[in-house]
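The entries below follow the order in which I went through the topics.

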Amino acid sequence: MTDDTWGLLRKRLLKTVGQNNFTTWIEPLELDQVDGGVATFHVPTNFMGNYVSQNFADLILHEFNKSGEPVQRLAFKVAANSPTRPVQPTVSEAIEEPTPAPTTIVDQGTTQEGSASVKSPLEELQAAPLDPRFTFDSFVVGKPNELAHAAARRVGEGGPVTFNPLVLYGGVGLGKTHLMHAIAWELKERNPELNVLYLSAEQFMYRFVQALRERKMMDFKHLFRSVDVLMVDDVQFIAGKDSTQEEFFHTFNALVDQNKQIIISADRAPGEIKDLEDRVKSRLQCGLVVDLHPTDYELRLGILQTKVQQNRKNYPDLKIADGVLELLAHRISTNVRVLEGALTRLFAFASLVGREIDMDLTQDCLADVLRASERKITVEEIQRKVSEYYNIRMSDIIGPKRLRSYARPRQVAMYLCKQLTSRSLPEIGRRFGGRDHTTVMHGVRRIEELKTIDGQIAEDVEMLRRSLEA
C-alpha cells in the first residue's frame, strides 16, 4: 500500500470522525506496512494504540477494504525510533519520549493487549504550588463569604461527595483562591494518600496543547482522569478555546461518573461567562454554585485586625493610632489584596522611619492607594443589587424575557448604570445581553418619567442608589 493511498484513506476518515477526533487519534498514526492481511502502525504511546483499537478499528478496517486492501487485522506498536513532530522547548517541564512497549494486535472484533503499559510522562508534572498562608484558619469569615466558606469546609472534610462540582465565583480579591488552597491543604492533612490536583485553567490549557503537539493525548487523559480531586482556578480563561473546552467537558464527565470531587473557581457565575459552551455551563451549574459577595465594612475591618495580629510578630513595638484601620476599611472597599497590601506598606514605612502609624502618616504613605480606591460602581454590581432588591435572578435582568416583572427592574438597572457609572449607552447595552443603545435610552427615559408619577418607582430608585453609594 502506498503513502498516497493511505493519504486518501485518511481524508475519508477525517470526514467520518470529525476534525477533533482525527487530530487526536488518527493523524498521529504512522502506517508501517500492510502484509498478510495485517496493517501495522507506529503509535506514540501504548495508550493510543489501545484507544484506537477499541474505538476506531472497525472503521479503519472498513476503509481499508473499501480501498481494495484486504485487511483483516490492525497492529499497533510503540518504537523508540517512531517518528514524532518537532516540538518547541518548554520552560521547565520536559516530556520524554516513551520507551518501547509490546505490540498490541487488534483483530476485527477482538483486542489482545500487551502485558505492559507505558508510564505516562505527564504523570510526573507537578500541580500548581499551594500557598501555605492560605488555610481555613487564616480565612476571615463574614456575612458576604460565610456560605462559600461553609461549603468549602464541607468539601475539605472529605467523605462522601455531597455536591459536585463546587463552583466558587466572585470578583478579584474576594477569597476564591484562598478557599481553593484551603480545601487542598485540608484534604491533604486528613488523607495524605489522596490524589489532589490543583491548577489554573491556563495551566490546564497549556498541558492540553502540549499533549496535542507531542502526540501524548492518552497520557493527558490518563493524568486528569485518575485524580481523586480536581481543582481548576479561573475557569473563565478557557472560554472561547473550543478544543480545550471539549477536553475539559469530557474530563469533567469522566470524573463525575467516578464520583470524584471537582472544585472550580471563576470571576462570575457560569451562566454569565461569555463564549463558554452551553454544555460546559450546564455541567458547572449542576452542582453547588456559590457567590463570594463584595466585602462589607465589618468584614474588611476584621481582615485588617487579623493582619495586624499576624504582623505583630515582625513589628512587636509598632503602634497604630485609633481610627486608622477604620479609615482603611472604609476607603479601600473593592479588593482585599489591595487592602492587605496597603497595611503591609504602612507597617514597613512606619518601621523604617520609626514613627507611629497615625492618620497623617497613613495619608502620606497611601496617597496613591486611597486616591485609586475611591468608590467606583460597576455595571455588574448594579445588576446584582437590583436583582436582589426585586428578588429575581440576575440572568433574568440580562436575558431576553420581556415580562413586566423583569422588564421594569431591567430599566431601573439601566437607569442607575447611566446615572452612577461612566459607561456609554452602547457599553451598557452590551452588558444587558447585547441590547442596542436605543433600548437603553428608552429604558432610562421611561424610569425618568415614572419617577415623577409613581411614588414606588421613585422610592425603589432612591433606595438602590443609596445602597450602591454606601
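What follows are my entries on a predicted model, grouped by the part of the chain concerned.

**Entry 1, H11 against H13.** I began with helix H11, residues 297–311, and helix H13, residues 336–353, and found that they pack at an angle of about 40 degrees with their axes 10 Å apart. Angles under 35 degrees would count as roughly parallel, and H11 and H13 are therefore oblique to each other. I noted the crossing of H11 and H13 as right-handed. On the H11 side I listed Arg300, Ile303, Leu304, Lys307, Val308 and Asn311, and these meet Val336, Leu339, Glu340, Leu343, Thr344 and Phe347 of H13. Sorted by class, the residues of this contact between H11 and H13 come out as seven nonpolar, two polar and three charged.

I then turned to the packing of H11 with helix H12, residues 324–331, where the angle is about 130 degrees and the axes lie 9 Å apart. Since roughly antiparallel is kept for angles over 145 degrees, H11 and H12 are therefore oblique to each other. I wrote down a right-handed crossing for H11 and H12. The residues that H11 brings to this contact are Tyr297, Arg300, Leu301, Leu304, Gln305 and Val308, while H12 brings Leu325, Glu326, Leu328, Ala329 and His330. I counted the contact of H11 with H12 by class as seven nonpolar, two polar and two charged residues.

Which residues lie nearest the centre of the second largest pocket? I found Phe134, His178, Val336, Arg337 and Glu340 there, out of 26 residues that line the pocket. Its volume is about 670 Å³. The elements that give two or more residues to this lining are helix H6 (176–190), H11 and H13, and H11 supplies the largest share with five residues. I also noted that Val336 and Glu340, listed among the residues nearest the pocket centre, belong to the H13 side of the contact with H11. By class, the lining of the second largest pocket holds nine nonpolar, 10 polar and seven charged residues.

From H18, the residues in contact include Arg408, Val412, Met414 and Tyr415, and among their counterparts in H20 I noted Val440, His442, Gly443, Ile447 and Leu450. The residues of the contact of H18 with H20 divide into seven nonpolar, five polar and five charged.

Asn164 and Pro165 are joined by a cis peptide bond with omega of about 5 degrees, and I placed Pro165 in the loop between helix H5 (146–156) and strand E6 (166–169). Asp234, although not a glycine, has a positive phi of about 55 degrees, and I found Asp234 in the loop between strand E8 (229–233) and helix H9 (242–257).

Definitions and conventions: Residues are numbered from 1 along each chain as its sequence is written. This is a predicted model: local features need pLDDT of at least 70, side-chain atom pairs count only at pLDDT 80 or more; totals for chains, interfaces and linings use all residues. Side-chain values use heavy atoms; hydrogens and water are left out. Axes are lines fitted to C-alpha atoms, for helices over the stretch in contact, and angles run from 0 to 180 degrees between N-to-C directions. Helices (H or I, at least four residues) and strands (E, at least two) are DSSP runs, numbered from the N terminus. Angles under 35 degrees count as roughly parallel, over 145 as roughly antiparallel, 65 to 115 as roughly perpendicular and the rest as oblique. A crossing is left-handed if the near helix is turned anticlockwise from the far one by less than a right angle, and right-handed if clockwise. Contact means heavy atoms within 4.5 Å. Ala, Val, Leu, Ile, Met, Phe, Trp, Tyr, Cys and Pro count as nonpolar, Asp, Glu, Lys and Arg as charged, and the others, Gly among them, as polar. On a 1 Å grid over the protein atoms alone, a cavity is a set of points where a 1.4 Å probe fits but cannot get out, and a pocket is an open set with protein on both sides within 12 Å along at least five of seven lines; lining residues have an atom within 4 Å of a point. Grid points are joined across faces, edges and corners, and a volume is the space filled by probe spheres set on the points.
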